[in-house]
Amino acid sequence: MMRKAPRLTHRQMVDRWKKDPTFAAAYADMETEFALLRQLLLARRQAGLSQAEVAKKMGTKAPAVTRLETSLSESRHSPTIATLKKYATAVGCKLEIRLVRAKGIAA
(Lines give C-alpha, C1' and ligand atoms only; values in the text may rest on other atoms or scores of the structure.)
Protein backbone atom coordinates (compact mmCIF):
# COMPACT_ATOMS: atom_id res chain seq x y z
CA MET A 1 0.00 0.00 0.00
CA MET A 2 1.38 3.41 -0.99
CA ARG A 3 1.27 6.30 1.41
CA LYS A 4 0.00 9.57 0.04
CA ALA A 5 2.15 12.60 0.59
CA PRO A 6 0.60 15.09 3.00
CA ARG A 7 -1.29 17.87 1.26
CA LEU A 8 -0.30 21.44 1.95
CA THR A 9 -2.47 24.50 1.68
CA HIS A 10 -1.45 27.29 -0.67
CA ARG A 11 -0.40 29.39 2.32
CA GLN A 12 1.74 26.56 3.72
CA MET A 13 3.49 26.09 0.36
CA VAL A 14 4.17 29.81 -0.04
CA ASP A 15 5.48 30.03 3.54
CA ARG A 16 7.82 27.12 2.83
CA TRP A 17 9.00 28.63 -0.46
CA LYS A 18 9.59 32.03 1.16
CA LYS A 19 12.49 30.48 3.05
CA ASP A 20 14.36 30.61 -0.27
CA PRO A 21 15.78 34.18 -0.58
CA THR A 22 15.34 34.25 -4.38
CA PHE A 23 11.69 33.27 -4.12
CA ALA A 24 11.10 35.68 -1.22
CA ALA A 25 12.52 38.59 -3.24
CA ALA A 26 10.44 37.75 -6.32
CA TYR A 27 7.31 37.35 -4.18
CA ALA A 28 7.91 40.71 -2.50
CA ASP A 29 8.34 42.36 -5.92
CA MET A 30 4.80 41.23 -6.84
CA GLU A 31 3.08 42.51 -3.69
CA THR A 32 1.34 45.34 -5.58
CA GLU A 33 -0.16 42.89 -8.08
CA PHE A 34 -1.22 40.52 -5.29
CA ALA A 35 -2.84 43.36 -3.34
CA LEU A 36 -4.79 44.48 -6.42
CA LEU A 37 -5.89 40.92 -7.16
CA ARG A 38 -7.11 40.50 -3.57
CA GLN A 39 -9.13 43.72 -3.91
CA LEU A 40 -10.66 42.66 -7.25
CA LEU A 41 -11.67 39.24 -5.96
CA LEU A 42 -13.06 40.66 -2.71
CA ALA A 43 -15.10 43.30 -4.56
CA ARG A 44 -16.51 40.68 -6.94
CA ARG A 45 -17.37 38.36 -4.05
CA GLN A 46 -19.01 41.19 -2.09
CA ALA A 47 -21.04 42.12 -5.17
CA GLY A 48 -22.13 38.48 -5.41
CA LEU A 49 -21.12 38.27 -9.06
CA SER A 50 -19.54 35.51 -11.12
CA GLN A 51 -16.84 36.25 -13.67
CA ALA A 52 -19.46 35.84 -16.40
CA GLU A 53 -21.73 38.41 -14.74
CA VAL A 54 -18.86 40.89 -14.35
CA ALA A 55 -17.94 40.34 -18.00
CA LYS A 56 -21.48 41.05 -19.13
CA LYS A 57 -21.54 44.30 -17.14
CA MET A 58 -18.15 45.23 -18.62
CA GLY A 59 -19.34 44.51 -22.16
CA THR A 60 -16.88 41.67 -22.68
CA LYS A 61 -16.73 37.88 -22.40
CA ALA A 62 -16.03 35.78 -19.29
CA PRO A 63 -12.58 34.62 -20.48
CA ALA A 64 -11.46 38.26 -20.52
CA VAL A 65 -12.31 38.60 -16.82
CA THR A 66 -10.57 35.30 -16.10
CA ARG A 67 -7.47 36.56 -17.95
CA LEU A 68 -7.58 39.84 -16.03
CA GLU A 69 -7.75 38.14 -12.64
CA THR A 70 -5.20 35.47 -13.58
CA SER A 71 -2.73 37.86 -15.20
CA LEU A 72 -2.28 39.77 -11.96
CA SER A 73 -1.17 36.66 -10.10
CA GLU A 74 1.15 35.55 -12.89
CA SER A 75 2.61 38.95 -13.80
CA ARG A 76 1.97 38.22 -17.49
CA HIS A 77 0.03 41.31 -18.37
CA SER A 78 -0.69 44.68 -16.85
CA PRO A 79 -4.34 45.70 -17.27
CA THR A 80 -5.06 49.21 -18.48
CA ILE A 81 -6.61 51.79 -16.19
CA ALA A 82 -9.67 51.79 -18.47
CA THR A 83 -10.11 48.04 -17.94
CA LEU A 84 -9.73 48.39 -14.17
CA LYS A 85 -12.32 51.20 -14.20
CA LYS A 86 -14.78 49.00 -16.10
CA TYR A 87 -14.21 46.14 -13.65
CA ALA A 88 -14.67 48.46 -10.67
CA THR A 89 -17.90 49.85 -12.08
CA ALA A 90 -19.18 46.33 -12.85
CA VAL A 91 -18.74 45.28 -9.21
CA GLY A 92 -20.24 48.49 -7.83
CA CYS A 93 -16.99 50.22 -6.94
CA LYS A 94 -14.87 53.08 -8.20
CA LEU A 95 -11.19 52.87 -9.01
CA GLU A 96 -8.79 54.95 -6.92
CA ILE A 97 -5.08 55.03 -7.63
CA ARG A 98 -2.69 56.46 -5.06
CA LEU A 99 1.03 56.84 -4.69
CA VAL A 100 2.22 56.03 -1.20
CA ARG A 101 5.64 57.10 0.06
CA ALA A 102 7.83 54.00 0.29
CA LYS A 103 9.74 53.45 3.49
CA GLY A 104 13.49 53.62 3.10
CA ILE A 105 13.45 55.00 -0.46
CA ALA A 106 14.74 58.52 -0.92
CA ALA A 107 13.07 60.78 -3.47
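Against which helices do the buried residues of α5 pack? In this predicted model, local features need pLDDT of at least 70 and side-chain atom pairs count only at pLDDT 80 or more, while totals for chains, interfaces and linings use all residues. Residues are numbered from 1 along each chain as its sequence is written, and side-chain values use heavy atoms, without hydrogens and water.

The protein has six helices and zero strands. Helices (H or I, at least four residues) and strands (E, at least two) are DSSP runs, numbered from the N terminus. The radius of gyration, taken over C-alpha atoms, is 17 Å, well over the 13 Å of the globule rule for 107 residues (2.2 Å times the number of residues to the power 0.38), so the protein is more spread out than a compact globule.

Helix α5 covers residues 62-74. Its buried residues (under 20% relative accessible area, 1.4 Å probe, protein chains only) are V65, L68, E69, S71 and L72. Seen down the helix axis, they fall within an arc of 160° (directions from the axis to the C-beta atoms), so they line one face of α5. They pack against α3 (31-47), α4 (51-58) and α6 (81-90). Contact here means heavy atoms within 4.5 Å.

Three aromatic pairs occur in the whole structure. Rings of Phe, Tyr and Trp (its six-membered ring) pair if their centres lie within 6.5 Å; planes under 30 degrees apart count as stacked, over 60 as edge-to-face and the rest as tilted. The rings of Y27 and F34 have centres 4.9 Å apart and planes at 45°, so this pair is tilted. Y27 is buried at 17% relative accessibility, and F34 is buried at 15%. Ring pairs link W17, F23, Y27 and F34 into a cluster.

Methods
Buried < 20%, exposed > 50% of the residue type's maximum accessible area, 1.4 Å probe, protein only. Expected span 1.5 Å × (residues − 1).
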